[in-house]
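Here is a short briefing for a reader who is new to this structure. Look at the sequence and the model first, then work through the topics below.

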Amino acid sequence: MTVLIFRPEQKCAPSAARFFAAGLPAVGVGLISTQANEQALSSLPGSLRTLSSGDGIIVTSTVVGQLLAQQRIELPNAATIFAVGSSTAEGLRAQGYDVIVPPVPTTEGLLALTPLKEIAGHKVLIIKGQGGREDLAQQLTQRGATVLLADIYQRIKIATPKATQEWQAKQIRCIIATSGEMIDTAFEHFDAKWLQSLPWIVVSPRTEQIAAKRGINTIFVSDDASDQALIRRAKEFLEH
């Protein structure tokens, strides 16, 4: 075994399979699960109908994209659609949408995009999980946009983490975490000294800061949270 991947439960098996296919033995451990917020989903079409030309829709995760597809909720063509990361964008494009993706898949990356710099007087609907993206909403409001929030799912910590296969600590050469919440939750379940002793791959400068505060000394930052980017970064480290 080489790589330990901390991801939401639903993504562990597909991620581990992609790592294996790329020649990297990996085990995925689900620390967090996602659960749809039925009330928010039912009111989302009404919010979408209020949008018109010049308005924006920000899709913050692959979970959002999957829920839109499952619920058959269509996004209006008039509004500009933004995706935070490449995996989210790919899912939306597969549904037939034109999507803008920032070069850097972060709140800062989104805010640097020209259409969101010129958003005064327009609406922006942020479709996301419960909590998070407060900075994005605040900055867009300061720019003169009317910000609507749709928290269509929530994250739930898993009491007993599930692994894609059996593994032992001595097999692991590096750890991957796709969010700050994943890093913090890992420290609730595993020995802190062991976690701190290994190199980590994280997905943004913000998650790098969270890892550093946890006492992790060797941290690499991936281009984004997609499996392709994580595999590329893991290979760079392991083959170094």
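Is C174 buried or exposed? At 0% relative accessibility, C174 counts as buried; buried means under 20% relative accessible area, exposed over 50%, and partly exposed in between, with a 1.4 Å probe and protein chains only. This is a predicted model, in which local features need pLDDT of at least 70, side-chain atom pairs count only at pLDDT 80 or more, and totals for chains, interfaces and linings use all residues. Residues are numbered from 1 along each chain as its sequence is written, and side-chain values use heavy atoms, with hydrogens and water left out.

**Cysteines**

- The structure holds zero disulfides, a disulfide being a pair of cysteine sulfur atoms within 2.5 Å.
- For C174, the closest cysteine sulfur is in C12, 15 Å away, so the two are too far apart for a bond.
- C12 also counts as buried, at 5% relative accessibility.

**Domains**

- The domain assignment gives domain 1 (2-33 + 168-239) and domain 2 (37-155); such bounds come from an automatic or database domain assignment.
- The C-alpha centres of domain 1 and domain 2 are 27 Å apart.
- Nine residues of domain 1 are in contact with eight residues of domain 2, where contact means heavy atoms within 4.5 Å.
- Between them, domain 1 and domain 2 bury about 600 Å², 51% of it on carbon and sulfur atoms. Buried area is the accessible area (1.4 Å probe) that two parts lose on being put together, summed over both.

**Database annotation**

- An unreviewed UniProt entry carries the annotation "domain: Tetrapyrrole biosynthesis uroporphyrinogen III synthase" for residues 18-231. UniProt positions are given in the numbering used here, feature names are shortened, and annotations may be inferred rather than shown by experiment.
- Over residues 18-231, the chain is 38% helix and 25% strand. Helices (H or I, at least four residues) and strands (E, at least two) are DSSP runs, numbered from the N terminus.
- The end C-alpha atoms of residues 18-231 are 8 Å apart.

**Strand β5 and its partners**

- Strand β5 spans residues 123-129. Six of its seven residues are buried, so β5 is largely enclosed by the rest of the structure.
- Strand β3 (residues 56-59) pairs with β5 in the parallel sense over four bridges; two strands pair if DSSP finds at least two bridges between them.
- V59 has I127 in β5 as its bridge partner.
- β5 also runs parallel to strand β6 (residues 146-163), and seven bridges join them.
- K128 stands opposite D151 in β6.

**Strands β1 and β2**

- Strand β2 covers residues 26-36 and is mostly covered, with eight of its 11 residues buried.
- Strand β1 (residues 3-8) pairs with β2 in the parallel sense over six bridges.
- P8 stands opposite I32 in β2.

**Helix α3 and R72**

- Helix α3 spans residues 62-70, and its buried residues are T62, V63, V64, G65, L67 and L68.
- R72 follows α3 and sits in the loop between α3 and β4 (80-83).
- R72 is exposed, with a relative accessible area of 76%.
- R72 is not a glycine, yet has a positive phi of about 55°. Most residues other than glycine have a negative phi.

- A186 lies in helix α8 (residues 180-189). A186 is buried, with a relative accessible area of 0%.
- Not counting residues up to four places away in sequence, A186 touches F6, L31, L195 and W200.
- A186 and L44 are 142 residues apart along the chain, and their C-alpha atoms are separated by 33 Å.
- S226 lies in the loop between β9 (219-221) and α11 (227-238). S226 is buried, with a relative accessible area of 6%.
- S226 touches S86 and S87, again not counting residues up to four places away in sequence.
- E118 lies in the loop between α6 (114-117) and β5. E118 is exposed, with a relative accessible area of 58%.
- The C-alpha atoms of E118 and S33 are separated by 36 Å, and the two residues are 85 apart along the chain.
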